[in-house]
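Subject: Structure handover

Hello,

Here is the structure I promised to pass on. Please open it first and keep it beside you while you read the notes below.

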Number of protein chains: 2
Amino acid sequence: MFIKNDQVIYSFKPENKPVAEVENGSIITFQTCDCFANQIISSEQSIDSLDWNRVNPATGPVFIRGAEPGDSLKVSILKIKLANSGVMAAIPGFGVLGKRVEKASIKIIPINENVAYFNDLLLTVKPMIGVIGVAPKEGEFPCGTPGKHGGNLDTNLVCEGNEIILPVNVPGALLALGDIHARMGDGEVWVTGIETAAEVTVKVEVLKNFKVSEPVIINDDIVAFLASADTLDEAVEKATQYGVDVLTDLGLDLNEAGMLLSAVGDLQISQVVDPLKTARLVMPRWILTKYGLKIE
Amino acid sequence: MFIKNDQVIYSFKPENKPVAEVENGSIITFQTCDCFANQIISSEQSIDSLDWNRVNPATGPVFIRGAEPGDSLKVSILKIKLANSGVMAAIPGFGVLGKRVEKASIKIIPINENVAYFNDLLLTVKPMIGVIGVAPKEGEFPCGTPGKHGGNLDTNLVCEGNEIILPVNVPGALLALGDIHARMGDGEVWVTGIETAAEVTVKVEVLKNFKVSEPVIINDDIVAFLASADTLDEAVEKATQYGVDVLTDLGLDLNEAGMLLSAVGDLQISQVVDPLKTARLVMPRWILTKYGLKIE
């Protein structure tokens, strides 16, 4: 299944009409636009000339048969094929130090054979998905915002080889994704990564017996609990809470769970510049497995 | 030079009398107590029975000849030799979820041959220094608090093989350290790592031509700018500011510096449970070197 990048949404909502319907277990390739809907083609362009109603498009949504509210959807990221150029921007008022940015600028970043060219710096690419999500139960979440449904998580762990698990809120889940970065620092401090169009190939699987309230990312080594909130301090508290809850659900008493997290759980920053901030608590998977965590 | 653990301070201040004086370039071994001043010897002990005036002792301080205000002090961490047991605690009101902790508990963690035994979990140790600092210019900073002078940074990067650079505020710098952890998750969410006594061997060198305003950690691969503040959001902003300032001092214009940081700078969490919170911006060292950063 190939979903073209002329089929996009700008917000996640239950009313979005699916552009395709697939079986549980399918492999899908999403052709994605960059976060500016591919509007930037030159560093001479004015940032004000962009249509700001067309930022962070997510290709889709796709209806996955068998996905029902209360299930989870596991999305295995098989391949991210980048376009041959990316773009970065500095925009007054945006980013951690947006107040210091006096005028906007745009930078075109050529990409070739896993290298991104930032002037004369050759940067190894680390492709990741910025926006990935499903429909919320109700309401409408702009693609530029992170939340329990996913959305603009801007999390470096959403990369090839990893799996992201999202809560299913409506029949079919309605998965969409976009906003690929050739490379982004944790935090995305200046509000863009190296933004690029791409083709993203994923496998989708419905999990009937594993529930998540916010996105969780896994691979063989780690389980990462994501949380988004108005402040990083709140996001960190929520992510810690999820980690503790998983351990106490597995039978540990609260103090044991907390001390274990304090020794082996890493609080990390996903991004601090989208309307909400996203943090993650990363646990070694073998420890959770040893205590009985089963995914699938 | 060997400094015994009966020579400790509980706060960093200019008035602390040095317990030893060494030449620039010396190698020093600090024998350290754990963060509870080695008061806990059994998990049956009541946390209330501890003398809370004796927490986070730092062994020292040591006067380094030639260190003058305005210089920096580079401390190369050569070796951290752990004791054969550690301790963890859960304490009502402390840690990210302190409000959920109803009663205190203490846990003894045996350590043997690079493994810490958390019940039946065998955890590989990752020794690091929690408290390391120099005298501030004025005032008094309890060893439990992080700050520009160092202190309770609780940063996993302060480990064997890495170097921490501290600002020199008074003649001789007055270096002291303690609060070793056999292992700690980033964030230290439940307020203790695996706390242990240790012997820490470092080399001290005065840097005349490299200034830092807050602690910086380096190794061959990275340069990490630390910042502590009341909230994680503020700490992250300060750390980002340091990173940008270094790049603009090296000649990059602000927007270029910001975009570069956004692509290659990782915002990370050191700890979120000491009276101030500590974040770090981690940059690839080769990029800073390419733009002309010289350390030494």
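Predicted model: local features only at pLDDT ≥ 70, side-chain atom pairs only at ≥ 80, totals over all residues.

How are the two chains related? A rotation of 180°, with 0.0 Å of shift along its axis, superposes chain B on chain A, and the RMSD is 0.0 Å. This is the relation of a two-fold axis. Both copies use the same surface, since 100% of the contact residues of chain B recur in chain A.

Next, the aromatic rings. Over all chains, the count is one aromatic pair. The pair consists of Phe36(B) and Trp52(B), with ring centres 6.4 Å apart and planes at 90°, so it is edge-to-face. Both residues sit in the loop between β5 (27–32) and β6 (58–64) of chain B, 16 residues apart. Phe36(B) is buried at 4% relative accessibility, whereas Trp52(B) is partly exposed at 38%.

Ala37(B) lies in the loop between β5 and β6 of chain B, and its phi is near 55°, a positive value in a residue other than glycine. With a relative accessibility of 9%, Ala37(B) counts as buried. Asn53(B) is in the loop between β5 and β6 of chain B as well. Is Asn53(B) buried or exposed? Its relative accessibility is 66%, so Asn53(B) counts as exposed.

In chain A, a cis peptide bond joins Gly60(A) and Pro61(A), with omega about 10°, and Pro61(A) lies in β6 (residues 58–64). In chain B, the bond from Gly60(B) to Pro61(B) is cis, with omega near 5°, and Pro61(B) is found in β6 of that chain.

Asn119(A) has a phi near 50°, positive although the residue is not glycine. Asn119(A) is in the loop between β10 (115–118) and β11 (121–124) of chain A and is partly exposed, at 42%.

Last, two buried strand residues. His181(A) is in strand β17 (residues 175–181) of chain A and is buried, with 0% relative accessibility. Beyond four places in sequence, the residues His181(A) touches include Leu82(A), Lys126(A), Asp154(A), Glu188(A) and Glu195(A). Val216(B) is in strand β20 (residues 216–218) of chain B and is buried at 4%. Leaving out neighbours within four places, Val216(B) is in contact with Glu163(B), Ile164(B), Ile165(B), Val223(B), Ala224(B) and Phe225(B). Between the C-alpha atoms of Val216(B) and Pro171(B), 45 residues apart along the chain, the separation is 20 Å.

Regards

Definitions and conventions: Residues numbered from 1 in each chain as written. Chains lettered and ligands numbered in written order. Heavy atoms only, no water. Phe/Tyr/Trp six-rings, centres within 6.5 Å; stacked < 30°, edge-to-face > 60°. Helix = DSSP H or I, 4+ residues; strand = E, 2+ residues; numbered from the N terminus. Buried < 20%, exposed > 50% of the residue type's maximum accessible area, 1.4 Å probe, protein only. Least-squares fit on C-alpha atoms with pLDDT ≥ 70 in both. Contact = heavy atoms within 4.5 Å.
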